[in-house]
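Hi,

Here is the structure I promised to pass on.

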Amino acid sequence: MSSSIKQPNVITCKAAVAWGAGEALVMQEVEVSPPHPQEIRIKVVTTSLCRSDLSALDSHAIFPRIFGHEASGIVESIGEGVTEFQEGDHVLTVFTGECKTCRQCMSGKSNMCQVLGLERRGVMHSDQGTRFSIKGKPVYHYCAVSSFSEYTVVHTGCAVKVSSAAPLEKICLLSCGLAAGLGAAWNVADISKGSTVVIFGLGTVGLSVAQGAKIRGASQIIGVDTNPEKRDKAKDFGITEFINPNDCNEPIQQVIKRITDGGADYSFECIGDTGMITTALQSCCDGWGLTVTLGVPKVKPEVSAHYGLFLSGRTLKGSLFGGWKPKSDIPSLVDMYMNKEIKIDEFITHNLPFEEINKAFELMREGKCLRCVIHMPK
């Protein structure tokens, strides 16, 4: 008996391939294999540039590689055993998955999936292989997503089905940076009404924290950034006071302690500089001051701080993807956007066609964009 089920074939498409640290991406033809069991192949519609893509491109030793992880798309084909998705579904990709059955997923305390957590080796979770190749030679993945390609293959646990009414070119921001900032404010810090907040680094993540703090009713939201052009933009997202450390003649933590009567209730490190974590801790108040770190450091990953900061009651917490369980929680953020309860459009400063992806990297290097959305060919 012959099967009437259409078997997906290898797709040849364009991808922006990284061949070396800090080098421009090369637009070339790649082969994308059919999805394996419990995988889906996605036609990428839009992908936005996240700073961790830039950090990884400048430092990682795994090449050739296809970067990109903050993306939206449409399911093109499904692998064996997939029941959750079907062809034509609209999806967001996520760099950390949710299997729903491991100890972490079942705990209700964490979003750190033991099966589909952060993938650092450039391969698929399921078989440690790649789904991309050029002339038979493997091309490595990034964060199990690799959205700088017209088509990509992801594990079903690393994709979230979303309403077809939601604009894919906007909500792609929820698959990493914007959700991470909101979640840090709401899930990790659980900001209370009337509290004081200080945010170090006013990129997309930092401004998302500000938006979350404003929605929670924080009375004072201080933004710290060395780029003076961020001052006016930051106010739109809830920043009540802007401080440029280059304009201060005393340590920034002293300035913050003075204007918050002894330190902020909450501080957020959104730069990716472990030295700033100490500054953020010192900017918190005694007794209950909470520092949340969200940034991914390029250099010096070790954190050092005087034990006295903790002895006095301060807390330091880490945050991955804002504590959201992606499949369980992200659809509700899409709903909030559709109901105009959270801002997304205002974070998009540039829209570029796929062939201009290197220009997007330059804009980010120069600090001239919040989020640049890359649009794939129709």
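One cut-off before the rest: a residue is called buried when its relative accessible area is under 20%. This is a predicted model, so please read everything here as computed.

Cysteines to begin with. How many disulfides does the whole structure hold? A search finds zero. C13 is in no disulfide, and the nearest cysteine sulfur, in C172, sits 18 Å away. C13 is also buried, at 3% relative accessibility. For C372, the closest cysteine sulfur belongs to C369, but at 5.8 Å it is too far for a bond. C372 has 0% relative accessibility, so it counts as buried.

Now the salt bridges, of which the structure has 15. One of them pairs D58 with R365, with the closest N and O atoms 2.6 Å apart. D58 is in helix α1 (residues 51-59) and R365 in helix α11 (residues 357-365), so this pair ties together parts 307 residues apart in sequence. D58 is partly exposed at 28%, and R365 is partly exposed at 35%.

R371 and E70 form another salt bridge, 2.7 Å from N to O. R371 is in strand β17 and E70 in strand β4, 301 residues apart. Are these two buried or exposed? Both R371 and E70 are buried.

D286 and R314 also meet in a salt bridge, at 2.9 Å. Here D286 is partly exposed, at 47%, while R314 is buried, at 6%.

Last one: E39, D127 and R131 are linked in a salt-bridge network.

Cheers

Technical notes:
Residues are numbered from 1 along each chain as its sequence is written. This is a predicted model: local features need pLDDT of at least 70, side-chain atom pairs count only at pLDDT 80 or more; totals for chains, interfaces and linings use all residues. Side-chain values use heavy atoms; hydrogens and water are left out. A disulfide is a pair of cysteine sulfur atoms within 2.5 Å. Buried means under 20% relative accessible area, exposed over 50%, partly exposed in between (1.4 Å probe, protein chains only). A salt bridge is a side-chain nitrogen of Lys or Arg within 4 Å of a carboxyl oxygen of Asp or Glu. Helices (H or I, at least four residues) and strands (E, at least two) are DSSP runs, numbered from the N terminus.
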